[in-house]
Amino acid sequence: MDSSRIILRPFKLSDIDEFMVWANDDQVIRFTRMNGFTSKEDGLRYLKEVAIPHPWCRSICLDDRSIGLIIIYPGFDEFICRGELGYALASQYWGQGIATMVVKMALSLVFVDFPKMERLQALVNWENKASERVLEKAGFLKEGLMRKYVVTKGKTLDIVSYSILSTDSVPDL
């Protein structure tokens with residue numbers, strides 16, 4: 001995939017139609033906290049109340065069409081030194097290197113946008129091997145398995161922890 005065709009930008013309400021396609025795809029949301037949206041109004045509410053006002057939520061755009069999201073949850077108070085990464089990509093674009101590319105793109109920005117952040121972590125469902133490969137290709141270090149770490153969609157999950165530090169080198173795009 002030509003990296004010049006991919007950009008990260010804030011969501012716009014006009015993204016709603018593309019958003020509804022991938023944000024309701026069971027394959028895409030399987031490993032996310034998202035449950036899908038029952039109506040276009042629900043999707044618009046998410047964009048208005050969550051994605052757009054969020055300090056670092058970006059639409060992954062191919063030729064300016066939303067095909068996913070990447071989000072950084074910055075820490076605060078005593079956790080100001082860390083953030084958490086999450087992302088989702090439309091299933092039709094899996095296996096093309098786009099997810100790895102956008103994680104690297106985010107890494108080139110996040111430590112500048114949040115200068116007190118020294119660590120970015122990503123917590124991955126242990127069954128999501130593709131996401132583990134994305135993070136490893138982007139320079140994240142696998143830290144270990146956290147058993148029965150979180151309940152998502154009514155199921156207690158084992159999670160693999162990854163991190164990258166602001167002082168680590170990020171592989172080129």
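Glu84 and Arg33 form a salt bridge, with 3.0 Å between their closest N and O atoms; the term requires a side-chain nitrogen of Lys or Arg within 4 Å of a carboxyl oxygen of Asp or Glu. The pair links distant parts of the chain, 51 residues apart: Glu84 lies in strand 4 and Arg33 in the loop between helix 2 (26-29) and helix 3. Helices (H or I, at least four residues) and strands (E, at least two) are DSSP runs, numbered from the N terminus. Glu84 counts as buried at 17% relative accessibility, whereas Arg33 is exposed at 58%. Buried means under 20% relative accessible area, exposed over 50%, and partly exposed in between (1.4 Å probe, protein chains only).

This is a predicted model, in which local features need pLDDT of at least 70 and side-chain atom pairs count only at pLDDT 80 or more, while totals for chains, interfaces and linings use all residues. Residues are numbered from 1 along each chain as its sequence is written, and side-chain values use heavy atoms, without hydrogens and water.

The whole structure holds eleven salt bridges. One of them joins Lys40 and Asp17 at 3.1 Å, N to O. Lys40 is in helix 3 (residues 40-51) and Asp17 in helix 1 (residues 16-23), 23 residues apart. Another joins Arg119 and Glu143 at 2.8 Å. Arg119 lies in strand 5 and Glu143 in strand 6, so this pair ties together parts 24 residues apart in sequence.

In helix 5 (residues 129-137), the buried residues are Ser131, Glu132, Val134 and Leu135. They fall within an arc of 160 degrees seen down the helix axis, so they line one face; the arc is taken from the directions from the axis to the C-beta atoms.
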